[in-house]
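Dear colleague,

Please find below the structure that I am handing over to you.

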Amino acid sequence: MAYDATSGDLYAGSWGDGVFRSQDGGETWRFSGLPARIVYDLLLVDGILYAATDRGEVARSVDSGLTWQIMGVASTVITALGHDGTVL
C-alpha cells in the first residue's frame, strides 16, 4: 500500500488483479493498472509510483496510476521496494 500525502490518494496492490486507487480515504477503489499481476509492493517517491510484481517487473507511473511503464524485469520475483534517498 502507498499513500500520497499531497493528494490524499491511497494505492493498493492486489493478489492477481493489479493496482487499485482510492481518492476518498479508502471508501471506494477503482482499478489503476497492471492487470493480471500480483503486486507485492508499492512505493511512492517524489510523485512517482513504483510497483513490484510477480513477473519480476518493476513498473512505474508518473501520472497517479493512469499509465504504467515497465522499467525492468528481474530473473527472480521482487517482493519489496526501498529507497535510500538516491537509489530505488
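In this predicted model, Arg-37 and Glu-57 form a salt bridge, with 2.6 Å between the closest N and O atoms. Arg-37 sits in the loop between strand E4 (30–33) and strand E5 (39–45), while Glu-57 belongs to strand E7 (residues 57–61), so the pair ties together parts that are 20 residues apart in sequence. Both Arg-37 and Glu-57 are buried.

The structure holds two salt bridges. The other joins Arg-21 to Asp-9, and here the closest N and O atoms are 2.6 Å apart. This pair links distant parts of the chain: Arg-21 is in strand E3 (residues 19–22) and Asp-9 in the loop between E1 and E2, twelve residues apart. Arg-21 counts as buried because its relative accessible area is 10%, which is under the limit of 20%. Asp-9 is likewise buried, at 3% relative accessibility.

Asp-4 is located in the loop between strand E1 (2–3) and strand E2 (10–13). Asp-4 is buried yet has no salt bridge. Asp-9, in turn, is the salt-bridge partner of Arg-21.

Trp-15 and Tyr-40 make an edge-to-face pair, at 5.9 Å centre to centre and with 80° between the planes. Since Trp-15 lies in the loop between E2 and E3 and Tyr-40 in strand E5, the pair ties together parts that are 25 residues apart in sequence. Trp-15 is exposed, with a relative accessible area of 67%, and Tyr-40 is partly exposed, with 32%.

Phe-20 and Phe-31 have ring centres 5.7 Å apart and planes at 75°, so this pair is edge-to-face. Phe-20 is in strand E3 and Phe-31 in strand E4, so the pair ties together parts that are eleven residues apart in sequence. Phe-20 is partly exposed, with a relative accessible area of 24%, and Phe-31 also counts as partly exposed, at 42%.

Yours sincerely

Terms used: Residues numbered from 1 in each chain as written. Predicted model: local features only at pLDDT ≥ 70, side-chain atom pairs only at ≥ 80, totals over all residues. Heavy atoms only, no water. Helix = DSSP H or I, 4+ residues; strand = E, 2+ residues; numbered from the N terminus. Buried < 20%, exposed > 50% of the residue type's maximum accessible area, 1.4 Å probe, protein only. Lys, Arg positive; Asp, Glu negative; His and termini not counted. Salt bridge = Lys/Arg side-chain N within 4 Å of Asp/Glu carboxyl O. Phe/Tyr/Trp six-rings, centres within 6.5 Å; stacked < 30°, edge-to-face > 60°.
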